[in-house]
Structures are given as C-alpha cells and as structure tokens.
Amino acid sequence: MTDAQHPPPPAPPHASFDTPFEQLRAIAEVSRAIVSELDLDNLLQLVANLLHERFGYPFVHIFVVHPGRCWIEFKAGVGLYATHIRRELSFDLHDDSGIIPWVARTGQAALVNNVHADSHFRPLSPPGIDIKSELTVPLSFGDEVLGVFDIESESFDAFTADDLWLLETLAANIAIALRNAILFRSERWRRQAADSLREIAGVVRAKETLDNTLKAILQQLNVILPMTFAAIWLKTDDGFRFKIGCGLKADPPPTTVTHPWFDDIVAADAALVRRPEDPPSPLAEQFPPTHSAVGAALTVDEDVLGVLVLAHRQANRFGHEARRLLEIFAGQAAVVIQNTELYHKAQQQAWVSTALLQVAEATRNLRGLNEILAAVTRISPIIAGVRATAIWLKPPAAEVFQCVAAYGFGPAQQTVLEGAPLSAQTLLVIRLAILKQPVVVSPQNADVRLPPELAPLFGGQNLLFLPLLSQGDLNGLMMMLLRPEQIFSTEHLRILSGIAHQTASAIQTAQLVEARQAEAWVSTALLQVAQVVALQSDLSEVLDTVARLTPMLTGVSQCLVFVYNGVECTLSALRGFRLPGLPLTMDLRDFAPLQAALTDGQPHPLQQLVDLPPVLRPYFSAPRFQGIILPLNVKGSVVGALMVVDQQPPAHSALAARRRDILTGIAYHIALAIDNARLYAERARQQQFERELQLAREIQASFIPDELPAPPGWELASFWRMAREVGGDFFDIIPLSGQRLLIIIADVADKGLPAALFMARTSSLVRAVALDLDQPAQILARVNQLLAESARQGMFVTAFCAVLYLENGRLDYASAGHNPPIVVRQSTRTETLRANGIVLAVLDTADFEQKSAQLEPGDGVLFYTDGVTEAFNAQDDMFGAERLLAALRANWSMAAVALVDSLYQTVFDFTRPHPQSDDFTLLLLKRKRNQ
C-alpha cells in the first residue's frame, strides 16, 4: 500500500513554544476543554483531536486499560490506527512485545526516536507508512494506569524532552478526566443494570409464562452487556438440555448435551469466564477460538437447575462486573424456574384432588358413547392410581359382555381383551349382578375366581371389578388392574363405586341419545344420498351408490335398479344378489310386474317366485316373499324402476309405511340422476365434437408454413387467422430448382370443417404437382383437373400461383379467380397482378393465362384473400381495396414483418368491435434495396 493510497492526515507543523508560559497556556486550554466532558468515547476523541490540532502531532492514539481482563484496547485517535486499520486493535497487558503494553504494565513513559532500534517496538503500520519515532505516556490515576497516550511520527528524532514533559503534564489532567468519565460510565451502567433488574422483577410479578420470563431476562442482559447470544440450559439426569435463547439464528435440536465447561460452571462458586484454551462453548462452535463466554449456574438452595451462558465472537469481552451481574440474573432465572416447578407440582396435587370431579364433568358434557368410555378409562387410572382400566358392555338381548374400551394395557393384552367376551353366566358376573358392589379378585381371595375368559391373561394379578347398573340391572362392568402393593380402603371403594355409578348413568344416557340419533341419521342419510346422486355424473356410479345405500337405510335384503330405454329394460345395478355380471338385459314379457310398473307408472308388489324372470328365480329359496317395484318417473316420463326385496317374514318386513316413503324418495332421486346422466352424456358428446374440431384446426395449421424462407436480398412475412375453429384459407412457399420459389395463396369458397378438408386436399395436391411442374399456369391446370374429379358439388377454390426468380426478380404468375395481388414499387406507386382464369374444381379442364412481372430492388408484392378487403365494421362498411392500398403506401418503408402486423392492426381497428367474419390471410414479398 503506497503513500498515495493512504496519505497521512493533514496536521499543522509540529508546534514549538517560545516560552514556558506558552506551553502552560496550551496545557491549560486542553485541560479546560476536557474537564466538563463525562462521556468516555467523546472525551477520548476530544483529547486526540486537541493533541493533533493544538500541538501538531500527526498520529495520536489513546488506549484504555481493562485491568480485570488484563487487556489494552484502542478507543480513539487521529491518523494511522483510526484511519487505516479497519478492525479491532487491542493488546494483552502482559504481552512482552510492543511499547504500548510495556508502558501500561510499568506505568513509565517511553520516548523512542528510532523505533527500529528498540526491542519492544511492534510494527503495526499499514504498507506505505513507516513509523520511525514513538512517544508513549501512561494515563495514571494514583498507582493505577487507566490508559496510554501513543504519539507516532514518520521521522527520526521527532520528539524531545519538552514533548515528553508536555505530554506527561497533560496526562495528569487527562487521567483525572478519564477517571471521572470511567466512574460516570460505571454509575450509568449500574443504574441501567438496576433498571433491568426492576424490569425483570416486574415481569416476575406479572406472572408471565416461564418462557416469556426467561426471555425477558436474556433480553435485559443483551441491553446491558456485550454479547452475540445468550442461552439457558436446564440440567437433566444425563447432561443439559437447551431451554431458551436470545440472539440465536435458530434454536438447537431438542437433544441433551454434555460439556466440560458446563461442569466447571456448576462446580464454581461464582460466574466463570471461558479461557482461550477451553473448548468452544455450546452454540459457539463457529466462533473464533479466542471468542469470549461467561457462564453462571442456576442454583437454588444448593440445587443446580441449569446454567446461564453469554457468548461474544470477540475476545476478552467479559470482566468482573459482567460476572457479578450475570450471577444476579442467574439467581433471578433460578428462582423463576423453581417457582414454576413448584407451581406445576401444586397443579398435579390439585389435579389428583379434582380428578373425581373431572370424571363427573366428562360424563356429563360428553354425548358420544365412545367419547365417554375413552374418557372414563383414561381418567380412572389417575384417580385410583391403578395400572389400567377396561369396560365391558352387554348389547340388548345378548348373553355376553363385549370389551368396548381399555386404557393402560400393552398391545398383546389389548388384543386379547377385544376378542374375549365375558359370558353372563360367569360366577363373577352373576355375583356383580346380585350384590351390585365392587369385587376384588386376587390370589389371596379364594372366594372369587377369575372368569375363564380372562384367567390366561391376568392369572395371579390383583383385579378390581365394579358393576355398571342401568335401572338396577347389570348393563356392564369395569375392571381395574391393581398394583401389587395396592390396598383400597372402604372410603376409597365407595368413591370408585360412585365413579362406576356416574359412568353407568352416562352410558345409559349416551345409548338413548345414540338411538335417537340413529333415527335422525336415516333421514339425514337419505338427504346425503340425494346430494351424492345429484352430484355424480357417471350413471353406473349413481346406480351402484343407490343399490349399496338402499339396504343400509331401509333394512331390505336385496335391491335392483332397472334403466328403461323405451324398447327394453336393462338391469344396471344390484345389491344382495350374485348375478353373473352387469348390465343384464331383461325381457319385459318375462317380468310382468316390471312391465306393469313401467306402463302405468305405479308401484307393483312382488309376492311369489313365479312373478320373477327366470334369471332371478334361482336366488330365492322360498316360494313367497315380500317385495315391491317402484317406477322411476321424471317429467312425466318413466326412465326405469327400483326393485327391493325382503325375504324375512312379513312381521319383520322392511316394507313398513315409513320405509315406503323413504323408498319413494330414493326412487325420485334415482330418476333425476338417470335423466341428468343422459343430459351429461349428450354434453360429453358435444365436448368430444369440439375436441375433434380443435384437432382439425391443429391439423389444418400444420399445412401453413411454420417458418418462411429467408433468401438473400428478400424479405417474406405472413399473417394467417381463421374466422372459425377451422377455415379455407391457406398459403404455401415451395423451393424450386434454379434459385426459384413457388408461391401459392388460395381461398376455399366455404367455411368450417368442409372448407378445412378441401383446403387440406388442395394444399397437398399443389405440393405433389410442384414435384413435376414448375410453371404457374400448368400447376393450376393440373390441380384443377385433380380437384374436379373428386370435388363435392358446390365446393370450389380461388388461387393465385407465382414463381419468383430470386436472382433477377422476375415473377411468373397465373390466377384462378383470386384477388389480384398488389405490387408496390420503391416509389410507393402501386399496380395489381391480373391474369385470366376460372376458379378451381368447377370444370374438369380449364386454361389459365400466365404473365410475368419484374420486381426491382425496393419493390414488393402483397398477396391476400378476400377476408382482408371484405372485412365489415359495425356500420356495415367494407374495408375495401382503397384502404388497403393507402395503408400499404403509408407504411411501405417498414420491414416486412412489421408491415404485415400493421396491416392486420389497421383492419382490426376498422372492424372493432365487429367480429372477424371471414378467414384472414396476408403474404408479403419485398425485394431489399441495394446497399
């Protein structure tokens, strides 16, 4: 780095004083200037500026000594370190190298007029600056060195004894000011710390959550202490787990860590500062090895709860005051954590005391039977202190009890319980039904034995059985798996009997509610069927859904759905039969009730086997049964029939009046679904036609050149747009031998798909004929002959065919009744290319006149179809040839592509908002001007 890159700071010449009086006056001026400044940073910078400006020293640096951390830190200055060193500058107080540490350590001034000859000198200057002299003076207050003056020069013998006397005299006054500023900063810092402690006390009194309180403690530490991050780790049985942090980019994963420094913190009596040789503190592994960290144990009554850690990327950032303050905050955090733990323990005790009330609340508020059973089995072990709980219930008219809920058992035990019903004739069950009191089953109680269904699983264990009574009858039982040492008192058994009574009442209420809900569900399910049927579009899915849901809703055993097409009837969906496959066509003559229902639109009953068609008779075992056929009517038309059968005796028949109404509603919605499916099928056919039309458009577009040739000296541009999905306009450019291009533009006298097909045929014939013929008239004659042989009556096509000689600009052309192209000369004079010839595909043979035109540099030809000139606006005015000629002349200087786009925009603006009524095709050929 050169002097030009880092010039020394401007400074007055080294001051010299004629008399001692002038020196003293200068010293007094500096002393007066600094005496009232209490801000440490402002004071030091003011001193550096005054020494630089008043005494002319070029490089002035002031360092502050941190005795607790044994560190000397650069704080203010002018030139050199302040200007050129863009990083932290500090020294170890006990560093053997360097004049500044030596002065700070010994308290003696150092005047060195040749630093290269001094053993203590440590060069720190950036390249381009050569320090030769240095004068360093301690800033001492009593026996304590508070800081160091350091004056440097790029000259040898730059300082004298007078400079030393001057700086030592100033140092005494500056040290006093420095001492006052340090005291002021310390007092301000202590006040800030006190305010932070009051803030923390307010948070604790506010009874915030543990995380919010700990975060507030860390945030206050961040305000008053230098740190990159702070974190609290809680002690576990095998290490420390991260709890909360401040200043971290992301929280660490929830794992337990061990760290020797954490162990040292716990073992220390006070906060512990990390040494450089210690391993990196947790979460600071990416910091420099010399990074700072300080930690304090979270201790209450010699019980270690965790550690509080601060870390900083830089070295030596934490001293004595930081350690003391961290200890105070750690004590606050420990108290908060301990109070939270005590509060949680009190909550647990309260929970045990109120668990019985919670059972009552759970059974009172929950309405679903499964919810009640799950709540009771989950809460009962907590109340009674047992290992597990299970509940058995007896379905109506059944002779066994089924396990309906269990909690606390292992997977194997759970499986056995679910598959082990208890017989109502078991002695234990009979005893519960008679005594209506809890029964203890244990190896010591020989009077009561375990039921055989449970003996293999729980033999040798202590069990408690409680009866669940409904109106005095045994409706169920509750089993509790006891701990080996567990003994229940009479009061305790009375409480458990109360739990069983509450549970039984809740179960009875829930069963009544579920019975009412089951009835409501039938009506709701019917509505859901209607919604599902209305939303489905596939007829087979609709019918299968109805056939599946109807037995569930009405209780019938078999269900069939027939679809009628006006001639025959097809069996399309069924449930309860195993027929060989669907759909299955039914002969109405073999199924008289179905024929009658379709004819008169009224329900018809089924009562005997002979009423069924032969294909269904093998699936009925009895000669008589109950059934009905409901016609499916929609908009006065019969679209099918719904047949349901119940082979149960009439007394249990599902064809009750209420269910008949449900079946009638189902039949109505099926009819709507069949009608909707038919409408959907019609719409699908229309969409299929539209997709095929889109495919035709893509095929037609493939006949139009994707890219136009770009022969040297010529420009070609085109614009092609159909009025409908498909159309009859097309153009093509075919390279010929001898540097020639065949240009064809045509318009089929029709629109839509027929015109598109005729256009595709014409385009293919032109390319095929161009393989053998190369004269426009010959090509048109041959294409006309081929088209006329297979042309549909009334179909014809206009065309204009030209051959361009690229080298000399000659254009041979012939026309088959097409719009004459427009020639635009370089001077914008226009003319048309006309030739005699009839349209193609009308007569088998036809003659076409062939002419020639010469295109000079700057000339061009516009080929177009009648969709351009015959475009109409909303007022029914036609665009016409004159407007086209005017637009050509006005924009002829444009490039071919831009000119074609401009022509289309002109026509579009003229017709807007009137839609495009005919196919629109432009093809522009321009010969470039000579360069």
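**Close-up views of a predicted model**

**View 1. The largest nonpolar core.** The largest nonpolar core of this predicted model holds 57 residues. Inside it, Leu780 and Leu840 have the most contacts. Strand E28, residues 797-805, gives the most to this core: eight residues. Now look around Leu780.

**View 2. An open sheet of six strands.** The strand order is E9-E8-E7-E12-E11-E10, and the pairing is antiparallel. Which strands are the edge strands? They are strand E9 (256-257) and strand E10 (272-273), and each pairs on one side only.

View 3. Strand E7 covers residues 229-236, and strand E8 covers residues 239-246. The two pair in the antiparallel sense over seven bridges. Ile232 stands opposite Ile244 in E8. Helix H6, residues 210-224, packs on the sheet. Helix H6 touches E7, E8 and strand E12 (303-312). The direction of helix H6 makes about 70° with that of E8.

**View 4. Two phenylalanine rings, edge-to-face.** The structure holds 15 aromatic pairs. One of them is formed by Phe719 and Phe920. Their centres are 5.9 Å apart, with 90° between the planes. A pair of aromatic rings is described by just these two things, the distance of the centres and the angle of the planes. This pair links distant parts of the chain. Phe719 is in strand E25 (residues 714-721), Phe920 is in strand E34 (residues 920-927), and the two are 201 residues apart. Phe719 has 15% relative accessibility, so Phe719 counts as buried. Phe920 has a relative accessible area of 3%, so Phe920 is buried too.

**View 5. A cluster of aromatic rings.** Which residues do ring pairs link into a cluster? They are Trp233, Phe240, Phe242, Trp261 and Phe262.

**View 6. Charges over rings.** Arg810 lies over the face of Tyr805, at 4.1 Å from the ring centre. In another spot, the charged end of Lys926 sits over the ring of Trp892. Here the distance to the ring centre is 4.4 Å.

Technical notes: Residues numbered from 1 in each chain as written. Predicted model: local features only at pLDDT ≥ 70, side-chain atom pairs only at ≥ 80, totals over all residues. Heavy atoms only, no water. Core = buried A, V, L, I, M, F, W, Y, C linked by side-chain atoms within 4.5 Å. Buried < 20%, exposed > 50% of the residue type's maximum accessible area, 1.4 Å probe, protein only. Helix = DSSP H or I, 4+ residues; strand = E, 2+ residues; numbered from the N terminus. Pairing = 2+ DSSP bridges. Contact = heavy atoms within 4.5 Å. Axes fitted to C-alpha atoms, helices over the stretch in contact; angles between N-to-C directions. Phe/Tyr/Trp six-rings, centres within 6.5 Å; stacked < 30°, edge-to-face > 60°. Lys NZ or Arg CZ within 6 Å of the ring centre and 35° of its normal.
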